[in-house]
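Hello,

I am passing a structure on to you, together with some notes on what turned up in it. Please have a look at it first and then read on.

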Amino acid sequence: MPTLTWTPELALDHAVMDKTHQEFVELLSATEDALAVSHEQALACYESLVEHTVGHFGQEDRWMAATGFAPENCHSFQHAQVLELMHEVTRLAKTDADFGPLERVLPELGRWFAMHAQSMDAALASHLDQLGFDPATGVLASAPAAAPITGCGGSSCSPAATATTAESETA
Ligand SMILES: [Fe+2]
Ligand SMILES: [Fe+2]
């Protein structure tokens, strides 16, 4: 029984992001299924999930960079933290044959993803929509705010979409 299955509540009305997120959910579920077969098979599936997540997070980070987010924004920071943990789980399984962290991280990733998609990713999808950002071409219909955004704009981020003006940085 997978921790997470795709439901309409996870859809963000952003075709590219939703496709990537559906793939994430499917890879996570496949890894959980593989755990019932063998650790080796689960690790192989998990490495596909990690590789996909590198692309998934990288894509969102590039969209943020292209639409006015500061490099140190909290959404990208959370991506980096999660990926670091995911890589560490791979390392422990491969170098120490310790599969406990792999077994434990899968349900955690399921719970984390549902929250992340519905907060930070939902805010990003709305931001991209407001600017008329085309993910295929990188073209924006409207220019982003001049000041870099350091918050994610999600409800868990306070203050939301904090903009640091050049004036206040140099004052
Ligand atoms: Fe995402
Ligand atoms: Fe994200």
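How many helices and strands are there in the chain? The chain has 5 helices and 0 strands, where helices (H or I, at least four residues) and strands (E, at least two) are DSSP runs, numbered from the N terminus. Read from the N terminus on, the elements run α-α-α-α-α.

Before the details, a word on conventions. This is a predicted model, in which local features need pLDDT of at least 70 and side-chain atom pairs count only at pLDDT 80 or more, while totals for chains, interfaces and linings use all residues. Residues are numbered from 1 along each chain as its sequence is written, and chains are lettered from A and ligands numbered from 1 in the order in which they are written.

**The chain as a whole**

Of the 171 residues, 29% count as buried. Here a residue is buried if 20 or more other C-beta atoms lie within 10 Å of its own, exposed if 12 or fewer, and partly exposed in between, with C-beta atoms placed from the backbone. Two residues are in contact if their C-beta atoms, also placed from the backbone, lie within 7 Å. Among contacts between residues at least 6 apart in sequence, 62% join residues at least 24 apart.

**How the helices pack**

Two packed helices are described by the angle between their axes and the distance between the axes. The axes are lines fitted to C-alpha atoms, for helices over the stretch in contact, and the angles run from 0 to 180 degrees between N-to-C directions. Angles under 35 degrees count as roughly parallel, over 145 as roughly antiparallel, 65 to 115 as roughly perpendicular and the rest as oblique.

Let me start with α1 (residues 15–35) and α2 (residues 39–66), which pack at an angle of about 165° with their axes 8 Å apart. These two helices are therefore roughly antiparallel to each other. The contact includes F24, L27 and L28 of α1 and C45, Y46 and L49 of α2. By class, this contact has 10 nonpolar, 8 polar and 1 charged residues; Ala, Val, Leu, Ile, Met, Phe, Trp, Tyr, Cys and Pro count as nonpolar, Asp, Glu, Lys and Arg as charged, and the others, Gly among them, as polar. The crossing of α1 and α2 is left-handed, a term for a near helix turned anticlockwise from the far one by less than a right angle (right-handed if clockwise).

Next come α1 and α4, whose axes come within 10 Å and cross at roughly 175°. This pair is therefore roughly antiparallel. Among the residues that make the contact are M17, F24 and L28 of α1 and L106, L109 and F113 of α4. The contact of α1 with α4 divides into 9 nonpolar, 3 polar and 3 charged residues.

What about α2 and α4? Their axes come within 13 Å and cross at roughly 20°, so α2 and α4 are roughly parallel to each other. Their crossing is left-handed. On the α2 side the contact is made by A42, L43, Y46, E60, W63 and M64, and on the α4 side by L102, L124 and L128. These residues divide into 8 nonpolar, no polar and 1 charged.

**The nonpolar core**

Which residues have the most contacts inside the largest nonpolar core? They are L28 and L124, in a core of 30 residues. Such a core is a set of buried Ala, Val, Leu, Ile, Met, Phe, Trp, Tyr and Cys residues joined through C-beta atoms within 7 Å. The elements that give it two or more residues are α1, α2, α3 (74–96) and α4 (100–131), and the largest share, 11 residues, comes from α4. Leaving aside neighbours within four places in sequence, L124 is in contact with E60, W63, M64 and H75.

**Some single residues**

P2 sits in the segment before α1 and is partly exposed, with 16 other C-beta atoms within 10 Å. Its C-alpha atom is separated by 8.0 Å from that of L28, 26 residues apart along the chain. Not counting residues up to four places away in sequence, P2 touches S29 and E32.

Most residues other than glycine have a negative phi. D13, which is not a glycine, has a positive phi of about 60°. D13 is in the segment before α1 and counts as exposed, with 10 C-beta neighbours inside 10 Å. A97 also has a positive phi, near 50°; A97 lies in the loop between α3 and α4 and is exposed, with 9 other C-beta atoms within 10 Å.

Enjoy exploring it!
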